[in-house]
Structure formats: C-alpha cells, structure tokens
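Biologist: I am new to this structure. Could you show it to me, and then take me through how its parts meet?

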Amino acid sequence: MAAHLVDNVKFSVMTGKYEIIDIAEDDLVTSARNFMFFFDACPSAFGGFTTLDLENLRFGESDISNVLITCKCLRHLRLFNCDSGVCSTLQIEHARLKELSIVQCMVERVELRWLPQLTTMVFEGWLQFQDPLFIGHVPLLEVVSLTNLALRYDKTVFLSEFLSGSSIRDLKLAFNSEKIWVQPEFPTPCLAFVFSQLRFVNLLHLPEGHDLTWTMYILEAAPLLKELYMTVWDHACNMEMDETKRKEEAYSEDKGVEWELVAADFQHHSLVTLVIFGFESEDCFVSYVRRVLVAAVNLEDVFLYSGLKYRSCPDKKKLVRYPWTEWQRISLNERLTAGIESGAILHYGEMRPGHLAKMEHPKCSMLKAKRGFA
C-alpha cells in the first residue's frame, strides 16, 4: 500500500444509520474521531486508497483537507452526511479525483477549487439555495446529478449560475415530487456555455399535475441535446402526505413554474429521443409532447410509459403498465399528431431495455457498485 502497488482499494465507513434525523451530533463527532485516530495511525495505507466511502461523520475543521492531501491516489470519493459542522464550507482540491458524491451533507457551500481530473459529480440535499456550489478549475467535468427538495420559501436556481464555469454532457435534475427548484432562463452567453456540450438530460420525480413547458428552455439552450428523459410522479413513499405537517414544515402546494418559448418558430435539430415515465392522457402531457414534436424536427422516437415497476414499492398507483386498448392508443395518436408533420414514432407499453437504468442513475461507478465493505 505504501508503495502504491495495489491498483484498486476501497475503504468504507458504514455506520448502518441512514435516517439523518435519528443520529445525535455526539455520535457524528465520536465516529469522526474514531476514523481520524485510525487515519492518523495508518497514513501510508491511506495514501494508496483509490476509493473512499464515508458516512455520518462530523469532522474537525481541517480533517477533510488532511484526508484528501494524504490520499494521493484517490479517484472516487463519496460523502454521506459528512461535514465539519452545520453550515460549514466544504473545500475540495485533489489532483486525481475523478468521481465525487456529496449527499445530505450539512454544509452551506461546496467549493470545487482544483480538480483537474474530475468527470462526475453527484450533489444532493444542499442546505441553502443561495450559491451552494462553486466550480473552480474542473475542466473535465461532464456528468452532473443534482437532487433536492425545495420548500415554499426556497428561491429557484439559475443553472447558468449554479453550474457556471462548467460545460457538461450529462445532466440529471431530481425534485423529489415537490416544488420545481430550477428557474427557466432566456438564452444568455453563460447559459449557452454551460449547455453547449449537453447531450443527455434526465428530469426525475417532477410533481404531477403541472405544466411541463418550462423544460423547453433546456432545448432552446442546448443545441446538441440528443436524449431527454423525464419522470412525472408524486411518489407517496418519499413524500410528506400529512396535510397538517406539510403546512407546518412549509411544503409548497404551488410546485410548478411558468415559461413561454422565446420564439414560436423555434426548432431543435439534434434531439432524437424523448422518454416520459408517468405519462397520462391529460392535456398538460399532450400539449407538451406536441410542442416537442413541432420543435424537434429530427425527432425519431417518443416513448410514453404510464408508470414505473418497483416491486417493493407500496405506492401501487404507479406500478401498472399501460392498460390502454388499441382504440385508445389510436385516439391518443390522433391527439398528439393532429396537424403536425413529424417522422417520430410513438411507442407505448413494454419498457425498452436500458430506459429504466438511464432514468435512475447518472454514470457514476460508485453509485452503480453494490455497497459493502472492501
């Protein structure tokens, strides 16, 4: 290990606790101290680790920086509920790090100072919607996954500012079936740069019953976009359903955002695939698909799935496949394509191989690997 002769070594700290609200601060501090005692005793071994998977640790002010300096071979870093105190700032610099996952960490701001090899970032559950992320020298960043739950008082985010300084290819945005926290933008040079290389977009757990037109701004700003996936699902398993608690905890009932196309004759020449999970025959879905059919002049396939199939999920509402008859499908086809000249093929029913995998995860090896000790 000290000679760095082992190609791949993963070190995981597994506390077995995944509900953050149930973990006392003293437990976080004690677990971090125990980890640092071990770290200080074996710096040569840590210097050879390529993957570090840490959870439920409250470090001292300089601990995370010291770990990154010592772990010179590190390529993959996952932090779950790890910080240096509530509302602290997490600064990351590393010469070899390629994949970074920051999930439910109680930090006010994450600063990616100098990460010349970083290609993939997962960022979930930031505390403040005002400038939670700074992207410095990260020239190879191309896969980004952003997930959060926005409450009534949270301001919407401009992705041109949130991702400023990057030019990504693969973008996942997840909303936990609550308020849309992305603010659509008119085309600007900054937004054009951020989206200039964008090829794949996945919008996950959009709230049901709200207009989807706002997503067209992504098409307007991303001329090379080829695939657009979206899931519209009020997933009861992951939502606060008690109306009294929703009011007390400031959940928003007005979850949507409004947007009008910049140009009525807007055309997109790269999009070839549109996939919608949770599709219904309601007007908001039909009008949206019609907009895309008109704008995406080279669109080849539109896949419309009524729901997802999670066997362990008690939310039965979305576990069914398309129940429609052939006549109903013909009727829907007419509603979707009336007066529109498009070569796109509309697909229903059986899910195509690979669609669910693309919807669920970004291209991050740490998230795909089975969790466990190594």
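Modeller: This is a predicted model, in which local features need pLDDT of at least 70, side-chain atom pairs count only at pLDDT 80 or more, and totals for chains, interfaces and linings use all residues. Residues are numbered from 1 along each chain as its sequence is written, and side-chain values use heavy atoms, with hydrogens and water left out.

Biologist: How many residues of domain 1 are in contact with domain 2?

Modeller: The domain assignment, automatic or from a database, gives domain 1 as 1–126 and domain 2 as 142–366. Contact means heavy atoms within 4.5 Å. Domain 2 contributes 14 residues, and the number from domain 1 is 14.

Biologist: Which residues of domain 1 lose the most area to domain 2?

Modeller: Buried area is the accessible area (1.4 Å probe) that two parts lose on being put together, summed over both. Domain 1 and domain 2 bury about 1200 Å² between them, with 60% of it on carbon and sulfur atoms. On the side of domain 1, 42% of what is buried comes from three residues together: Glu99, Met121 and Trp126.

Biologist: How many residue pairs are in polar contact between domain 1 and domain 2?

Modeller: A polar contact is a pair of N or O atoms within 3.5 Å; within protein, one must be able to donate a hydrogen and the other to accept it, and residues adjacent in sequence count only if both atoms are side-chain atoms. With both residues at pLDDT 80 or more, the count between domain 1 and domain 2 is eight.
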